[in-house]
Amino acid sequence: MQVEFHLPSLGADMESATLTEWLKNPGERVRHGEPLATVETTKGLIDIEAYDDAQVLEHLVQPGTKVPVGAPLARLEISGAPQAPPPSVPSQPPAAPAAPAAAATTAAPASSAKTAHARISPAARRRAHELGLPLETFARSAAGGIIHVADVEKLAPPVASAQGDARAAMRASIGMAMARSKREIPHYYLSHAVDFGPARDWLIGHNAPLAVKDRLIEAVLITKAVALAAARIEGFNGYFRDGRFESASAVHAGAAIAVRSGGLVAPALLDANQKDLPTLMRDFSALVMRVRAGHMRSGEFTAATITVTSLGADGVDVLFPIINPPQVAIVGAGAIREQPWVQGSQCVARPVLTLSLGADHRVTDGRLGARFLRAIAELLAHPELL
Amino acid sequence: MEPKEIQTKLLALLTGVAPDIDPASIEPSKNLRDQFDFDSMDALHFATAVSEAFAIDIAEADYPRLASLEGAQRFVEERLAAR
């Protein structure tokens, strides 16, 4: 069966994107969840993943074209029986390395451009894009090394930097999503201070014998606790759409990650409630690397059912988070600081974490919100249960 | 290992875990958190890279020593000298 593949919406704030590269050519097969094309958005480069196993029949949009959300990008054949690829375009296995020069075919540019992506730093790629220099210019000179901004500048005509534009686009995009949230969602806010001592002590003991790469960070414990509580207490995990709340069965925890060039993104950690801490840590680590590299996946942008936002060590005590529509709740974690804490009849210094909740009054009330925050606190008090 | 060699390696490790920073803009004495908004995940990525590249163990208590490029250089030099 022939279908059109459309540009998906990768967030409430996205209106359009520019197709930068086809990762699958006509005749090639793509599997469910495998990237089909890369688009550039205000959030950076995002690989658009296929929804079904399919064969690419035709590209309807060429690289460099800006298209609105919902625009048809390609025609696909979805069926169990693969068609023979057109003779002029040899099909390549998905993980094929860059084709050697001698084997250059019509399919080669896709794979060599892919190699170029891996070797060009995001800052350099952005600069190259701003200057209108095709990536292939650098792909041939990469020779195993990484192309940095300085290398791009060498080829740049003397023009003023357009970096400010990308920053402004990201701000506009966040502004649009947050304005929608504040306009449509009747928020209520709660906060609750917890003694993070037990979790911190558990973490120190857990990490001590491990190699650096296997250690956990506080944000992973907090995310897991939020995901478990969201799975147990109905009303915080899911979407508000078409005038009603749809509870989600899986908990995909969006992790708010600051983008260094300005702004932030909140891609999802899939099935966060079901993963053990080391697995969740690996997923989180890989997600942050994809954000830093400016190259993410479409699935992780659309999947989040609830968001967790953490201010980090140099933040302030408490934040009042704004819901990312169509989600219905967002949990904030302030900076963990030594603070006076009453224990029995004594006042002692403890590492205190202030959790906060921004939730949708169309779905829940403060009473249930309080139960939700307390459930998270209870889990953090017993980190061995995470 | 020569100090210059360590320096070059550290710079490569840093831009490896933070490909979105412009290496020319790095001030070696400045805190990475202040300079590039490094979060705890970035810090862990850098510590992991340093630990693996120089084959040295880094306790959590030593993470603050990797707060700047210069700090990391002194730390690695000390550790390599102690071997």
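In which hand does α7(A) pass α10(A)? In this predicted model, the crossing of the two helices is right-handed. α7(A) packs against helix α10 of chain A, residues 366-381, at an angle of about 130°, and their axes are 9 Å apart. From α7(A), the contact is made by Leu221(A), Ala225(A), Val226(A), Leu228(A), Ala229(A) and Arg232(A). Phe372(A), Ala375(A), Ile376(A), Leu379(A) and Leu380(A) meet them from α10(A). Sorted by class, this contact has 10 nonpolar residues and one charged residue, with no polar residues.

Helix α1 of chain B, residues 3-17, and helix α4 of chain B, residues 69-81, have axes that come within 10 Å and cross at roughly 125°. That angle makes α1(B) oblique to α4(B), and their crossing is right-handed. On the α1(B) side stand Pro3(B), Ile6(B), Gln7(B), Leu10(B) and Leu14(B). Their counterparts in α4(B) are Leu69(B), Ala72(B), Gln73(B), Val76(B) and Glu77(B). The residues of the contact of α1(B) with α4(B) comprise seven nonpolar, two polar and one charged.

The strands of chain A come next. Strands of a sheet pair through backbone hydrogen bonds, either parallel or antiparallel. In chain A, five strands form an open sheet with mixed pairing, in the order β7-β2-β4-β5-β16. At its edges lie β7 (66-68) and β16 (295-297) of chain A, each of which pairs on one side only. Neighbouring strands of this sheet are turned against each other by 40° on average, direction ignored. Within the sheet, strand β4 of chain A (residues 35-41) and strand β5 of chain A (residues 44-49) run antiparallel and are joined by six bridges. Here Ala37(A) stands opposite Ile48(A) in β5(A).

Another antiparallel pair in chain A consists of strand β10 (residues 238-241) and strand β11 (residues 244-247), joined by four bridges. Gly238(A) has Ser247(A) in β11(A) as its bridge partner. β10(A) and β11(A) form a hairpin with two residues between them. In the turn, Asp242(A) has a positive phi of about 50°.

The description now turns to the contact between the chains, to which chain A gives 26 residues and chain B gives 20 residues. On the side of chain A that touches chain B, the elements giving two or more residues are α2 (122-131), α4 (149-154), α6 (197-207), α7 (218-232) and α8 (277-292) of chain A. Of these, α8(A) gives the most, with four residues. By class, this side of chain A has 13 nonpolar, seven polar and six charged residues.

How confident is the prediction? The model scores ipTM 0.92 and pTM 0.77. The mean pLDDT of chain B is 93, and 100% of its residues reach 70 or more. For chain A the mean pLDDT is 83, and 79% of its residues reach 70 or more. Over residues 81-118 of chain A the pLDDT is below 50. Beyond near neighbours in sequence, this stretch of chain A has 48 contacts in the model.

How values were computed
Residues numbered from 1 in each chain as written. Chains lettered and ligands numbered in written order. Predicted model: local features only at pLDDT ≥ 70, side-chain atom pairs only at ≥ 80, totals over all residues. Contact = placed C-beta atoms within 7 Å. Nonpolar A, V, L, I, M, F, W, Y, C, P; charged D, E, K, R; others polar. pLDDT = per-residue confidence, 0-100. Pairing = 2+ DSSP bridges. Axes fitted to C-alpha atoms, helices over the stretch in contact; angles between N-to-C directions. Parallel < 35°, antiparallel > 145°, perpendicular 65-115°, else oblique. Left-handed = near helix turned anticlockwise from the far one by under 90°.
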